[in-house]
Amino acid sequence: MIVCSCNVLTDHDVRSAVNGTDEVPRTTHQVYGCLGCRVECGRCVATIRKIMESCDRDCGSRLPCGVNHGAVQPDQTVVAL
C-alpha cells in the first residue's frame with residue numbers, strides 16, 4: 001500500500017527501512033533519510049509512525065522482523081546461571 005504519495009513510498013519500503021539496518025531509524029524523518037527522500041507535505045508522517053510502532057510490537061525488539069529472538073544464534077554461547 002502506498003503510504004506517501006509525494007515520494008511514492010509503500011508500507012513495505014517503510015518496514016524495510018526500519019528493519020533492514022543496524023542503525024535503526026528512531027524518527028519518521030530518519031526513515032525518509034534511509035529511503036533517500038524527505039518529508040514533502042507531511043500527511044503520511046502519522047502513518048509511518050504507526051508502521052514503525054507496529055514493527056516494534058511485532059518483533060518485540062528493534063531487530064529485523066522474522067528473527068526468532070529467543071533462539072541461540074550459531075556464534076552465541078549459552079551460559080547457565
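A word on the source. This is a predicted model, in which local features need pLDDT of at least 70 and side-chain atom pairs count only at pLDDT 80 or more, while totals for chains, interfaces and linings use all residues. Residues are numbered from 1 along each chain as its sequence is written, and side-chain values use heavy atoms, with hydrogens and water left out.

Turning to the overall architecture, the protein has 3 helices and 2 strands, arranged β-β-α-α-α from the N terminus on. Helices (H or I, at least four residues) and strands (E, at least two) are DSSP runs, numbered from the N terminus. Of the 81 residues in the protein, 25% are buried. Buried means under 20% relative accessible area, exposed over 50%, and partly exposed in between, with a 1.4 Å probe and protein chains only.

I return to Thr28, which lies in helix α2. Because its relative accessibility is 8%, Thr28 counts as buried. Setting aside neighbours within four places in sequence, Thr28 is in contact (heavy atoms within 4.5 Å) with Val45, Ile48, Arg49 and Met52.

Consider next Lys50, a residue of helix α3. Is Lys50 buried or exposed? Lys50 counts as exposed, because its relative accessibility is 58%. Lys50 and Thr28 are 22 residues apart along the chain, and their C-alpha atoms are separated by 9.9 Å.

What, then, of the interior? A nonpolar core is a set of buried Ala, Val, Leu, Ile, Met, Phe, Trp, Tyr and Cys residues joined through side-chain atoms within 4.5 Å. The largest one has 14 residues, and those touching the most other members are Val14, Val18, Val31, Tyr32 and Ile48. At least two residues of this core come from each of β1 (2-4), α1 (11-19), α2 (28-34) and α3 (45-59). Helix α3 gives the most, with 4 residues.

Val14 illustrates the packing: not counting residues up to four places away in sequence, Val14 touches Val3, Val31, Leu35, Ile48 and Ile51.

Finally, the protein's contacts as a whole. Among those between residues at least 6 apart in sequence, 42% join residues at least 24 apart.
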